[in-house]
Amino acid sequence: MLNRSTHLILIPPNAYYDTAHNPLRVMCKDGFYVIKANHSNSLFDDFGFANEFICSCLLNLWGLNTPEIAVVRADPDLISKANLPKDYIPKLYSKPCFGSKFIESPNEFLPEFFNNTQIKFRNKISNYRELIFVGLFDLWVKNEDRAPVHPNLITGYSQKNQKIFAIDHYKTLNFNHPTNDFAVNNLLLESNSILNTPLLRSIFNEAKNDIPLIETTFLRNIESCKASFSKMMDGIEDLTHFNCTHRSILAENLFNFKRNKTIFAHFLKIVR
């Protein structure tokens, strides 16, 4: 659950990234973070900001690797003095920011890696089998931010092992109210899924005899999230001061048994 906050103390040189949602690498009291501001205003609620927190918490409940997160308190004056591009609007940083702990020696997981099925390549990464569950998680949260052409994965070191970390979950959880036609409303397109790649199919092929265990684990993870959901959402709202008015529609979809059975069938269709 989200229970950590920290304060920005320094913006180093070359701190900004030329990517969407204006991430910024900063030094806080307990180390380096990549932060994103809440872009809400009187005409726009920045639900993607909240979704970053929500998905990070859900990934933890699934036992999947993702950077530690915290609410970062920033100083707009520091932002204005940092010589950043004009997209970095200082007043936005007066509100609590999303903070993702900076991973040691990060490397971007490139799209072409999804075409590499060599065992030697996979074995360089200690948790490569988690990619199957990352792909399944993406179906569950309808993650439109990660795709074969845009992996939103990094590799880095954790406890001296090279591991994959799932990052960037802004464009997720974009649900309509549940209907009988999940394929139209609330399922991720096959072409958008990392499951639809040679690498993921080769990993799945190693575990194809464990399909009942994969399904059981999937449903158990969802039950764990359901049990923690209300407390998790309260914690996010309390620390970020963001009103998650979409929490009821999230619960309707994430914990809908029929939808989740449909998702698992969709998963098998894609990855086989």
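**Exercise 1.** Find which elements each supply at least two residues of the lining of the largest pocket.

*Solution.* Helices (H or I, at least four residues) and strands (E, at least two) are DSSP runs, numbered from the N terminus. Next, the largest share, three residues, comes from strand 5.

A note on the model: it is predicted, with local features needing pLDDT of at least 70 and side-chain atom pairs pLDDT 80 or more, while totals for chains, interfaces and linings use all residues. Residues are numbered from 1 along each chain as its sequence is written, and side-chain values use heavy atoms, leaving out hydrogens and water.

**Exercise 2.** Work out how strand 7 pairs with strand 6 and with strand 8.

*Solution.* Two strands pair if DSSP finds at least two bridges between them.
- Strand 6 (residues 107–108) and strand 7 (residues 153–158) are antiparallel, over two bridges; asparagine 107 stands opposite threonine 155.
- Strand 7 and strand 8 (residues 161–166) are also antiparallel, over six bridges; leucine 153 has alanine 166 as its bridge partner.
- Finally, look at the hairpin of strands 7 and 8: two residues lie between the strands, and glutamine 159 takes a positive phi near 50°.
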